[in-house]
Each structure stands twice: as C-alpha cells, then as structure tokens.
Amino acid sequence: DPRGDGQQVLRGNYRMAFDRINTFLPSSAIFQSIPGLTTSVVNTSFGQAGGRLRDGLPTIFPDSTPSEFVQPPPRSSSLIHVMDTEFQTPITHAWAISYQRELFRGTLFEIAYVGRRAEHLFGAYDANQVKFRENGFLDAFNIVKAGGESDLINQLAGPDTRRAATETGSQMMRRLFADELANNAVAAVAASFGSRIQSGQQLTELAGLGPFFFFNYPQFLGGMRVIDSEDYSRYHALELKLERRFNNGYSYLVGYTFSRSKDTRSYDPAFTVVSTGANQSASSTPFDINNRDLNYALSDFDRPHVFQAQAVYELPFGEGKPFLGNVSRVTDLLVGGWTLSGQFVAQSGRPMTVYSGANTFSNINQTPANCDGCSSDFGTIHEEVTSGGDALVWYLTPEERGRFSIPAPGEFSNVGRNFFRGPGGYNLNLSLAKRTRTVGDQILEIRADGTNVLNNPTFGFPTNTFTSSLFGRIRNTVISGSRKIMLGVKYYF
C-alpha cells in the first residue's frame, strides 16, 4: 500500500515449480514396447479338433524364451519408445508484478505484467531421422531430378526388384518417384529406399552400402521415438482489468490481455508422443533432431489480443427500485425482479503452420512452405465465386496463395513454424431472468439463456497444405456453435 490510504496496492511475486512424470506416459508408451516383456501364444487346433473344457485344457508353451526377444532383429519395421537416459525434471519460473487502484467507490483498476520461463519440458523425437546429406544422397537426388545419371542411385537401385532390366537405377527412380522429385521430397525418397526390405535384407545391404546408410537404427525402421526433456517455452503478458463490484443493482468486469507465448512444443507427449505428417501438432515435432531451435516459434495456443467483458444489471423496475416502486403486488409480479446479464469475448486467431506438402527436410514431418514477401497477418475471411456461380469461403486470396512455394531439396522453410495466424472471432452470451418471491424466502425463477446470440461463426483453420487443391479454403470448418436459446425454470427453497 504505497500511500497507506487503502486505495492502491502494489504486488509482486516469484514462483519456481516442478512437473512430475505422469505414470500414463511410461505405462502406455515405454513398457508396452520393451523387447522381451510380453509375448502371446495361441492354440486354435484344440477347439477346431472338437476339444471341450471337460476334456481339460491343452498345455500351451511359448516357442521362444523372453531372452530371445531382448535382442531385436537386425532389421524390422517395428516401432519402439524409449526414455532419454539424461531426462531432467521440467521446471517453470513464474513472476508477476501488478498495480491496483480504487478509482471510484467499489470500482477497481488493475494493470499487471506476467512472465513465465520453462525449461526441460516434456518432449519427444524420432531418433531414426533419415540421413541424406552426409552420405551423398542429396546430391544424387538433384542429379536425377535434373534428368542425369547418378552412380550412387544406380548402385542403390541395382538389386531393387522394382527396376526393369532395361532401365538404370536413376531411370527407375524417375519412374517410381515422379511426384517426389517434382516436389523436392528428398527425405521421403531416402526413407523409402532405406526402409525397403527384400529377401530379409535391407536394400542398402544388398547394394553394398551397409545397413546404416540411411538410418542409425535399422532394427526399428518404424521409428525410434525418444521421450526427453529438451523443450522450452516463454510467456509474457500485459493484463488490464476494470472491475465494479455489485452495488446499486449492477456490476461489470472488463479485461484485456496483450501477450506472446513461444515454445518449441505446444502439447504434452503423453497421448501423442510424436505427431507426424502435416497436422498442426506435427509442427511441434522436431524438424531436425540436431537443431531443436528450428521449432521455436509462437505457441499453437498464442492469442496476442483477448478482450473480455461481463456484466449483471438488475432492471430498475418494481418494488424497491427507482421506477414503478409503489405499484400493486400484481403489477410488481410482472415488472419487478428482472435481471439482464451477459458475457462478451473477442480474441485473435491462433497461429498456424502452412505446410509445403513435401518432405524436403525430414522424413518425420512435412516441411513448412516458403512464402516470398509474406507477412504474418496474411488471411481474411472472404468469398470467391466459382465458374459455376457457387460462392465458397476462403481465407487466403489468390494473390496470397500465389506467394507460397515448396523449399528446395534439403532446405527448410523461410517462414517456419506457426508464422501465420488463423481466423479470430467474437462471441456474445446473454441471459434474461425473472425472479418472483412466492412464500417466505422461496423464489421462483424463469430465465432465458442465449449463447452466441449474434450467431457469429468463428472459423477454424483453412486447408494448410500448399500442394492441396483446396489450399487456403475454409470449407465447413466452424469451431463455434450456432445461436442457442434455452428456457428454464428454477425454484429456490
């Protein structure tokens, strides 16, 4: 209390918190895939031969011992989850400072700064990220893409059973991977060659390049997913609040938050350990396991501007009110006891990643698209009329869509993760209630509650893959509900 007059308060705090490892994560992901932990034995011949329970059950023995499963086969399409042996406890530093002052009787104004810094957050990555730079495959890909002959590709595809006797390995690659070559998807082609098994051996082994040419762990070509604690986040916010406590029949609360949240991962990996492909959550999967900072960008849930307001107002009619206070009991039953309340929220859209539609940089998740001369505020809800006369809802204009492109083979996006922002929205909810005292302290309440009374749609993300024919179109993705009005009766006793 700076002046000691009870009308203003200055507050500050600091907190350090630690997160526990939830038991679901190891029990569902780690324990289930430990080699040698479980096996199953099935006997169908007993029942098929007419066996009955009264004859006694047959003895069932596994055909292998647990120790034989501990060492995985030298090559397989299996998936395994493991825990980083240097896993650290997640830690969050939080701090805030606020100033609150009474402006009028019962009316408070508050301004606050809130900060967060988190380290060693739960994360995960696929250690079997395909190798294509250090082994020369990237140069070979570019040679074949340009129409040339690559000695490496010819050697690699030499024993491939898909190659015709009359064609070279480079020609086979152009035939089988025409789309990947056109879209610069070098990581996808490398992963395809590296995971191909013929006659129990990898294609790279048959070609004399060894089992580790593309993958460090050929025993788990389906993925070597490591749960670690290498993610981090930052948050800063300015908060403004004006509040009037209920008095003389009304109260209100108005708040505004200006904030920024950034991280390398926006979700806990307990349920989806490694998200892949072109999902929005896939942008939280490391684009490069050797450079986790490539993922550091706006959080999936970042909303820089959020405005909220709520109010309660008792209509000034009826007994004890400024208007019609001396009416009869019957009239008061009609005009008195009315309360109007509402809530309004308006906020910015969430960040989104625009994907190129090609694995130019990693085989785990798609590479974000390039965008030349683009700004982060690209996009607005609009309609475009087709040649058939149909009006379709789009978010990106034709000129904006024309600025996107696929990165070169082996290259990353020039805008990266969550550079763009999806549609924002607003919502208004209202309630009208009538309270009537019946007997003693018992009250009958009749009310109407309306959600999204303006029937304003809040749209979801548009199609966010550049190579899609629907790129930039909203289609029918609406995340808000339609206007709904519910009538209700309550009796308090």
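In this predicted model, glutamine 71 is exposed, with a relative accessible area of 59%. The residue is located in the loop that runs between helix 3 (66-70) and strand 2 (79-83). Although glutamine 71 and glutamine 219 are separated by 148 residues in sequence, their C-alpha atoms are 9.5 Å apart in space.

Of its 9 residues, 7 are buried, so helix 8 is largely enclosed by the rest of the structure. The buried positions are Val186, Ala187, Val189, Ala190, Ala191, Phe193 and Gly194. Several helices contribute to the cover over these residues, including helix 4 (137-145), helix 5 (151-157), helix 6 (169-176) and helix 7 (178-182). Strand 6 (201-202) and helix 9 (203-206) are also among the elements that cover the buried residues of helix 8.

Aromatic contacts were examined next. A pair of aromatic rings is described by the distance of the centres and the angle of the planes. Across the whole structure, 18 aromatic pairs were found. One of them joins phenylalanine 24 and phenylalanine 271, whose ring centres are 5.0 Å apart; the planes meet at 40 degrees, and the pair is therefore classed as tilted. This pair links distant parts of the chain, its members being 247 residues apart. Phenylalanine 24 belongs to helix 1 (residues 24-30), whereas phenylalanine 271 lies in the loop between strand 8 (250-263) and strand 9 (297-298). Phenylalanine 24 is partly exposed, at a relative accessible area of 40%, while phenylalanine 271 has a relative accessibility of 72% and therefore counts as exposed.

A further aromatic pair, formed by phenylalanine 466 and phenylalanine 471, is edge-to-face, with 5.8 Å from centre to centre and 85 degrees between the planes. Phenylalanine 466 is partly exposed, with a relative accessible area of 23%; phenylalanine 471, at 5%, is buried. Both residues belong to a cluster in which ring pairs also link Phe378, Phe404, Phe419 and Phe420.

Arginine side chains also lie over aromatic rings. Arginine 265 is placed over the face of tyrosine 267, at 5.0 Å from the ring centre. In a second case, arginine 401 lies over the face of tryptophan 394, with a distance of 4.0 Å to the ring centre.

Pockets were then considered. The largest pocket has a volume of about 490 Å³ and a lining of 23 residues. Gly336, Gly337, Trp338, Arg435 and Thr436 are the lining residues nearest its centre. Two or more lining residues are supplied by each of helix 10 (329-335), strand 11 (338-347), strand 18 (425-437) and strand 19 (443-451). Strand 18 gives the largest share, with 7 residues. By class, the lining of the largest pocket comprises 10 charged, 7 polar and 6 nonpolar residues.

The second largest pocket has a volume of about 280 Å³. Its lining consists of 20 residues, among which Glu239, Leu240, Lys241, Gly255 and Thr257 are closest to the centre. The elements that give two or more residues to this lining are strand 3 (91-104), strand 4 (107-126), strand 7 (223-247), strand 8, strand 10 (305-314) and strand 11. The lining of the second largest pocket divides into 10 nonpolar, 7 polar and 3 charged residues.

Terms used
Residues are numbered from 1 along each chain as its sequence is written. This is a predicted model: local features need pLDDT of at least 70, side-chain atom pairs count only at pLDDT 80 or more; totals for chains, interfaces and linings use all residues. Side-chain values use heavy atoms; hydrogens and water are left out. Rings of Phe, Tyr and Trp (its six-membered ring) pair if their centres lie within 6.5 Å; planes under 30 degrees apart count as stacked, over 60 as edge-to-face and the rest as tilted. Helices (H or I, at least four residues) and strands (E, at least two) are DSSP runs, numbered from the N terminus. Buried means under 20% relative accessible area, exposed over 50%, partly exposed in between (1.4 Å probe, protein chains only). A charge sits over a ring if NZ of Lys or CZ of Arg is within 6 Å of the ring centre and within 35 degrees of the ring normal. Contact means heavy atoms within 4.5 Å. On a 1 Å grid over the protein atoms alone, a cavity is a set of points where a 1.4 Å probe fits but cannot get out, and a pocket is an open set with protein on both sides within 12 Å along at least five of seven lines; lining residues have an atom within 4 Å of a point. Grid points are joined across faces, edges and corners, and a volume is the space filled by probe spheres set on the points. Ala, Val, Leu, Ile, Met, Phe, Trp, Tyr, Cys and Pro count as nonpolar, Asp, Glu, Lys and Arg as charged, and the others, Gly among them, as polar.
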